[in-house]
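This report describes the architecture of one protein for a reader new to structural analysis. Please examine the sequence and the structure before reading on.

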Amino acid sequence: MRLPAPIINESRRLSSSSRSWISPISLTSKKKPDPPPESSISPPETTTKPQFISHESAINLIKRERDPQRALDVFNKASQQKGFNHNSATYSVLLDNLLRHKKFNAVDAILHQMKYETCRFQEGLFLNLMRHFSRFELHDRVMEMFSLIQVIARVKPSLNAISTCLNLLVDSKEVDLAKKLLLYGKQHLGLQPNTCIFNILVKHHCKNGDVDSAFGVVEEMKRSGISYPNLITYSTLMECLFAQSRSKDAMELFEDMISKEGISPDPVTFNVMINGFCRAGEVERAKMIIEFMKKNGCNPNVYNYSALMNGFCKEGKTQEAKEVFDEVKETGLKLDTVGYTTLMNCFSRSGQIDEAMELLVEMKASGCRADALTYNVILRGLCSEGRTEEALEMLRQWGCEEVHLNKGSYRIILNALCKNGELEKAVEFLSLMSKKGVWPHHATWNELVVRLCGSGNAELGVRVLTGFMGMGFKPEPESWRAVVESICKERKLIHVFKLLDSLVY
């Protein structure tokens, strides 16, 4: 007998995982079909032996399955095999599948089932659940998953588990829950914070702009005698100081880190300094950091060069950015999408869109894959120079090449068509966008209605307005005014009355 979802058979809760159990996400129970009429002819016997599902096969099948119910069916089918018992890995991949599809009730049912299992569950299973619930902004559930480590895995949570949970709560600005976790760890787990936990607290204060409290945590770290500040600690503090325009203090801290603490910087730390100087408009000092790295045996990586390029681009120094780009190629480093896109954007902003398009060709030839942001830089550059026809042609070409574009790609062109007064083309393009399931900004389509009416094309204006109203969008009062005034000028009062009726009702 099959029980209604999401009930799990009570007797199953105390049995081993080798027996079948009821799916907690089944929505209906299927009625068994009537048996066929008896026949005097016996069907030939088939002795096809079903293929045994190993743990590895079960994991791969569940991981690839897009339908959560079918994933659970695979799990159940494997459990029905003689001698098969699910382990931490099979439970983990099933829970991961269900959470990706937001089947929270099913997850709860399975977690309850796991309390009665005899297999040993790994702590990593619960860390993964914490990350999922944090992504869904279910922060109380993050705490619940932490507490289940002791209940289901039957082990004391490690410092890694505490660090993971604390980091998720701090990143989500759940300060009260973070304090609750630390208090629980101190009272019930004998928690002695390690460097990782202290660094999370430093990051929390820095994110809130409270650099003094962040330094207070560092002093407490030193007094503990157990944990000591490391490169991550100093990099976080320096980034906060740069963000507060305290570049001098950041550099003094950098020198103290090397001379007093004996900690050597790495490219990540140098990148904090390069970005900090670039944001402060001191791009020449950022360039000096690159030279300092090279002289001190720390080879700049592609991210260091990209940060410097970005700094030059923001100041409109295209030639200097191109020189950095050429230096990267000379060193043998392979530029990534961000590096290419940064320079293309620099070319585009300085009116050198043809150079940007040539760089796109070079980028593809090098094997570096362009993303939607890269293509949008080209489209925006063409449209800013009034070359909307070329932008439309590029859009068609990329569509044939199955290039992944985003809604911003279409909005760039629509905005340009409206701005240039190419209103009929804008309406045609709007139709293309609707077929792609992409809608313009609220202000854009309202502006299009006003411009159409202002140019004496009230009929098209009404079509656009009523079309968006039919999809549940609310026009701005200015759009209504433009439509009514335009129709009144054409002495088509019957249309005005119809529009007024739609406005009232």
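## Overall architecture

Among contacts in the protein between residues at least 6 apart in sequence, 61% join residues at least 24 apart; a contact means heavy atoms within 4.5 Å. The protein has 26 helices and zero strands. Helices (H or I, at least four residues) and strands (E, at least two) are DSSP runs, numbered from the N terminus. Of the 505 residues of the protein, 44% count as buried. Buried means under 20% relative accessible area, exposed over 50%, and partly exposed in between, with a 1.4 Å probe and protein chains only.

This is a predicted model, in which local features need pLDDT of at least 70 and side-chain atom pairs count only at pLDDT 80 or more, while totals for chains, interfaces and linings use all residues. Residues are numbered from 1 along each chain as its sequence is written, and side-chain values use heavy atoms, with hydrogens and water left out.

Two packed helices are described by the angle between their axes and the distance between the axes. Here the axes are lines fitted to C-alpha atoms, for helices over the stretch in contact, and angles run from 0 to 180 degrees between N-to-C directions. The axes of helix H1 (residues 55-64) and helix H3 (residues 88-100) come within 9 Å and cross at roughly 5°. H1 and H3 are therefore roughly parallel to each other. Angles under 35 degrees count as roughly parallel, over 145 as roughly antiparallel, 65 to 115 as roughly perpendicular and the rest as oblique. On the H1 side, His55, Ala58, Ile59, Ile62 and Lys63 meet Ala89, Thr90, Val93, Leu94, Asn97 and Arg100 in H3. The residues of this contact of H1 with H3 comprise six nonpolar, three polar and two charged. In this classification, Ala, Val, Leu, Ile, Met, Phe, Trp, Tyr, Cys and Pro count as nonpolar, Asp, Glu, Lys and Arg as charged, and the others, Gly among them, as polar.

The axes of H3 and helix H5 (residues 123-135) come within 10 Å and cross at roughly 5°. That makes H3 roughly parallel to H5. From H3, the contact involves Ser88, Tyr91, Ser92, Leu95, Asp96, Leu99 and Arg100, and from H5 it involves Leu125, Asn128, Leu129, His132 and Phe133. By class, the contact of H3 with H5 has six nonpolar, four polar and two charged residues.

## Helix H10

Helix H10 (residues 211-224) has 14 residues and reaches 20 Å from its first C-alpha to its last, close to the 20 Å expected at 1.5 Å a residue. The expected span is 1.5 Å times one less than the number of residues in the helix. In H10, Val211, Ala214, Val217, Val218 and Met221 are buried. They cover an arc of only 110° around the axis, which puts them on the same side of H10. The arc is that of the directions from the helix axis to the C-beta atoms.

The buried residues of H10 pack against helix H9 (195-207) and helix H11 (231-243). The face of H10 turned away from its buried side carries the exposed residues Asp212 and Arg223. After H10 comes Gly225, whose phi is positive, near 75°.

## Helix H16

Which residues of H16 are buried? They are Thr318, Ala321, Val324, Phe325 and Val328. Seen down the axis of H16, the buried residues fall within an arc of 125°, so they line one face of the helix. These buried residues pack against helix H15 (302-314), helix H17 (337-349) and helix H18 (353-365). The face turned away from the buried side of H16 carries the exposed residues Gln319 and Glu330.

At 1.5 Å a residue, the 14 residues of helix H16 (residues 318-331) should span 20 Å, and the end C-alpha atoms are 20 Å apart, which agrees. H16 is followed by Gly332, whose phi is positive, near 90°.

## Individual residues in loops and helices

Most residues other than glycine have a negative phi, and most peptide bonds are trans. Lys102 has a positive phi of about 60° although it is not a glycine. Lys102 lies in the loop between H3 and helix H4 (104-114) and is exposed, with a relative accessible area of 52%. Phi of Lys173 is also positive, near 60°. Lys173 belongs to the loop between helix H7 (159-171) and helix H8 (175-188), and is exposed at a relative accessible area of 65%.

Phe75, in helix H2 (residues 68-79), is buried, with a relative accessible area of 0%. Gly421 is found in the loop between helix H21 (407-419) and helix H22 (423-435), and at 43% relative accessibility Gly421 counts as partly exposed. Gly421 and Leu448 are 27 residues apart in sequence and 9.4 Å apart in space, C-alpha to C-alpha.
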